Each structure stands twice: as structure tokens, then as C-alpha cells.
Amino acid sequence: MKIHEYQGKQLFKKYGVPVPEGGPAFSVDEALDIAARLGGYPVVVKAQIHAGGRGKGGGVKLAKSHEEVKEHASKILGMTLVTKQTGPQGKLVKRLLVEKGCNIAKELYLSVLPDRSNAKICLMGSEAGGMSIEEVAAATPEKIIKVYVDPLLGIKPYHTRLLAFKMNIPKGAMKQFTQMITGLYNLSMDYDCSLVEINPLVITKEEEVIAIDSKINFDDNALFRHKDVMEFRDLDEEDPLEVEASKFDLNYIKLDGNVGNMVNGAGLAMATMDIIMLAGAEPANFLDVGGGANAEQVKNAFKIMLSDPNVKAVLINIFGGILRCDRLAEGVVNAAKEVGIKVPVVIRMEGTNVEIGRKILSDSGLQLVNAISMKDAAEKVAKAVKGL
Ligand code: GDP
Ligand code: MN
């Protein structure tokens with residue numbers, strides 16, 4: 001799960017990571033109130049969306065007066081912000097962050113993230129932070145410093161000092177900087193974060209260290225033990241079909257292709273996506289209804305998939321184990337009755353009660369295409385979308 005920058009900064013504060021004074025605004029008037037309360041200019045007006053690259057996309061503006069706050073806030077609020085991370089359709093801005101501007105001397109990069117390959121926590125930093133960090137990493141990878149922490153031993157002063165030295169942190173900012181890394185590490189551990197990132201982390205002309213951006217991603221599988229974080233969830237930022245799917249415990253992720261596919265088991269779902277690609281088509285989603293799905297879940301999964309206008313054909317690939325083929329067939333027939341099927345549907349199923357399942361489908365009068373193998377199914381569905 002992702003959260004907004006201003007929410008991340010609330011967590012930063014709790015862990016002693018310095019952030020600029022400010023707060024969220026949902027209207028231009030609120031933005032003006034906050035700016036007035038800050039008691040001085042410049043003030044920064046920032047779009048709050050779950051995507052980076054806002055600076056380059058025009059979603060971060062410096063205001064030197066009350067009038068400029070009004071101007072920028074009116075412009076950014078309600079705009080469809082397009083950045084490298086939003087995709088070409090952009091993201092509608094519904095919230096702002098208004099905060100005190102600071103005197104930037106240097107922009108650094110800092111993050112904490114688990115490294116699966118060596119089962120350690122990586123502290124990553126660079127003195128070449130800011131809006132072009134991706135290019136720095138690509139062109140001059142030696143400027144990205146990595147220090148690894150064994151999570152069983154925890155973070156020690158030598159870890160933070162090593163990172164600080166390699167990042168050429170000025171002496172005057174050393175203490176604040178190393179304390180801040182420890183704070184970030186503790187935040188990351190306490191909340192099961194898959195990423196905690198500050199870009200840029202700023203050193204001011206006064207040698208103060210301050211986080212002027214925040215990005216935090218949480219491991220969804222651990223959210224059950226972080227109820228306070230769940231309050232930060234912003235459904236406006238999530239794909240509506242994915243939100244709908246999460247209500248029924250379905251693992252659904254929307255993709256860019258036009259072949260909807262419904263599968264039981266994540267491994268089979270991955271294999272099905274592969275074989276769709278191999279047949280020359282592209283999957284419109286990843287959808288694992290789960291090994292133990294019931295007819296009701298199958299129905300909801302099928303409905304969600306069909307409500308995606310990009311889906312031009314559907315492949316149902318089920319290995320009937322705990323989810324028996326007759327239950328699957330029932331779910332498909334019920335969903336078809338409710339929403340009507342307007343696209344070709346190819347079915348490949350095998351396993352428990354497959355004969356009963358096939359009979360339910362053939363008695364239903366639905367126009368379904370039967371496939372005898374995965375390859376056959378993928379080829380048939382690819383042909384269906386190509387024939388458009
Ligand atoms: P992002 O582009 O979505 O990552 O948004 P950021 O929060 O990182 O802001 C983008 C850029 O705006 C930063 O890299 C800074 O250069 C600039 N910026 C943000 N806050 C301030 C500020 O308080 N003062 C000044 N001068 N620049 C700022
Ligand atoms: Mn940033």
C-alpha cells in the first residue's frame with residue numbers, strides 16, 4: 001500500500017526525522033489558511049498523488065506571496081497531473097500539501113529497503129539526489145552508496161557513519177544525519193515497509209538536514225497489524241476494479257492488454273499470462289481467484305473482469321482441485337446471467353468434477369469456446385482478439 005507525502009511526513013515526525021512545517025489542504029481556502037499560519041514566504045504548494053515526478057510535471061510550485069499561493073493552489077487542485085509515474089492518462093489532484101519553503105544548499109537521496117537477494121536491509125544514499133536520481137543511477141551507478149544491515153543485529157552507529165562519510169555529509173550536519181537514518185530504519189522495521197524514501201533530503205544553507213519529500217510503501221501482507229496505517233488509505237488513488245476485487249478477497253491486478261484471464265492459483269495465473277503472450281496477445285489482468293474459491297467469488301471475479309472496457313476476450317483456465325469444476329461453472333453461468341457476456345470466452349478446465357462442470361456450461365446455452373489444452377486455449381483467445 002502507498003500513502004501520500006503528507007501522511008509519510010507525519011510518520012517521519014514521529015520518528016524524529018525533521019520535515020518542513022505545513023499541512024494538507026483540500027481546498028484553495030484551506031491552502032491559504034495554512035500558508036498564513038506558516039507566517040512567512042516562500043511557501044511550497046505540492047500536489048498529493050500516489051506518484052512521483054510531480055516536480056517535473058508541474059505539481060510542485062514555490063509561492064512568494066498570498067496571491068501566488070492562491071494562483072498555484074487553484075491551478076494544481078483539480079488538475080490532471082501527468083508524470084513519468086502516472087502513465088499518460090495522469091492523475092486527478094484532490095489534495096495539496098502546503099509547507100514552508102527552505103533554503104536548499106544540496107539535494108541528497110536516502111532510502112531504506114529490504115534486499116531479498118541477501119536477506120538484509122539496504123540503506124541507500126546518494127549525494128546526487130533530486131529530480132534526476134533515476135538518470136544518476138543509470139549513468140553513474142557508483143554515485144549510489146549502499147550499506148547493508150543484518151535485521152537480526154539491527155542498525156549500529158558504524159552503519160550510519162559509513163553511509164554519511166561516503167555521501168560526503170558536511171561535519172556540521174553529521175549528527176543530525178546519522179540520527180535521521182536510524183529513525184528511518186526504525187520506522188521501516190516497525191511498520192513492515194517495503195520502501196521508505198526521501199528524495200530530496202535537503203541540507204540547507206544553515207547546515208540543517210530536512211526531508212522535503214517522503215515516499216513510503218507498506219507490505220500489504222503485514223497491514224493487518226498496522227491498523228493506524230489503514231486510516232491513511234486513499235481509495236481515490238487505487239484502481240477502482242482492484243478496490244472492488246479486494247472486497248471479495250481476489251488477487252486482481254489490472255494490466256495493459258485486452259485478454260481478460262481468470263485462473264485459480266498464482267503460479268497457474270503467471271503461466272497463463274506467459275502463454276497468452278506466447279500466442280501473440282496481451283493479458284488485461286492478473287486474476288487469481290484462489291485455490292478455495294466458491295461459486296460466489298468466481299461470479300464476482302468474472303463480473304469485475306467483464307466490467308473492464310479493455311477486455312475484448314476472456315480466457316478461463318482452471319485446474320479443479322479444491323475449487324471444483326462444477327463450482328466454477330456455476331459461478332460463470334450466474335455471472336453471465338447477471339451481466340451478460342458480450343465478448344468471446346474460451347474455457348479450459350481440468351480436474352475434479354470436470355464432466356459435471358462441462359455439462360453445466362453446455363446446458364446453460366452460453367456461447368463458450370472449449371479448449372483442450374492451455375496452448376489450444378491461448379491460441380483460440382489470441383485469435384479472438386486479433387479477429388477484431
Ligand atoms: P517529486 O518531483 O514528485 O519527487 O516532488 P518533490 O517533493 O521531490 O519536489 C520536487 C522538487 O521541488 C524538489 O526536488 C526540489 O528541488 C523542489 N522543492 C520542493 N520543496 C522545496 C522547497 O521548500 N524549496 C525549494 N527551493 N525547492 C523545493
Ligand atoms: Mn521527490
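Start by selecting Gly16, which follows helix H1 and has a positive phi, near 75°. The model is predicted, so local features need pLDDT of at least 70 and side-chain atom pairs count only at pLDDT 80 or more, while totals for chains, interfaces and linings use all residues. Residues are numbered from 1 along each chain as its sequence is written, chains are lettered from A and ligands numbered from 1 in the order in which they are written, and side-chain values use heavy atoms, without hydrogens and water.

**Helix H1.** Step back to residues 5-14, which form H1. Helices (H or I, at least four residues) and strands (E, at least two) are DSSP runs, numbered from the N terminus. In H1, 7 of the 10 residues are buried, so this helix is largely enclosed by the rest of the structure. Buried means under 20% relative accessible area, exposed over 50%, and partly exposed in between, with a 1.4 Å probe and protein chains only. Colour the buried ones: Glu5, Tyr6, Gln7, Gly8, Lys9, Leu11 and Phe12.

**The whole chain.** Zoom out. The protein chain has 14 helices and 18 strands, and its C-alpha atoms fill a box of roughly 75 × 50 × 40 Å along the principal axes. Of its 388 residues, 49% are buried.

**The nonpolar cores.** Select Phe12 again, together with Leu123, Ile169, Phe177, Leu201, Ile216 and Phe218. These touch the most other members of the largest nonpolar core, which has 41 residues. Such a core is a set of buried Ala, Val, Leu, Ile, Met, Phe, Trp, Tyr and Cys residues joined through side-chain atoms within 4.5 Å. Helix H7 (residues 174-190) gives the most to this core, with 7 residues. Apart from it lies another core of 32 residues, including Ala245, Tyr252, Val332 and Ala335. In soluble globular proteins, nonpolar side chains tend to be buried together.

Now centre on Leu201. Leaving out residues up to four places away in sequence, Leu201 touches Lys106, Glu107, Leu108, Leu110, Phe177, Met180, Val209, Ile210 and Ala211. Contact here means heavy atoms within 4.5 Å.

**The manganese ion.** Which protein donors does the manganese ion (ligand 2) have? Select Asn199 (O) and Asp213 (OD), lying 2.1 Å from the ion. Donors are N, O and S atoms within 2.8 Å of the metal (3.2 Å for Na, K and Ca); water is not among the atoms, so sites may look incomplete. Asn199 is in strand S10 (residues 193-204), whereas Asp213 is in the loop between strand S11 (209-211) and strand S12 (215-218), 14 residues apart.

Stay on Asp213. Its relative accessibility is 17%, so Asp213 counts as buried. The side chains of Asp213 and Arg54 are joined by a polar contact of 3.0 Å. A polar contact is a pair of N or O atoms within 3.5 Å; within protein, one must be able to donate a hydrogen and the other to accept it, and residues adjacent in sequence count only if both atoms are side-chain atoms. Among the residues that Asp213 touches are Glu5, Lys9 and Phe12, which are buried residues of H1.

**Ligand 1.** Last, select ligand 1. Of the 17 residues around ligand 1, Lys46, Arg54, Gly55, Cys102 and Glu107 come nearest; a residue is near if one of its heavy atoms lies within 4 Å. A polar side-chain atom of Glu107 lies 2.6 Å from an oxygen atom of ligand 1. A backbone N or O atom of Gly55 lies 2.8 Å from an oxygen atom of the ligand, and for Asn199 such a backbone atom lies 3.1 Å from one.
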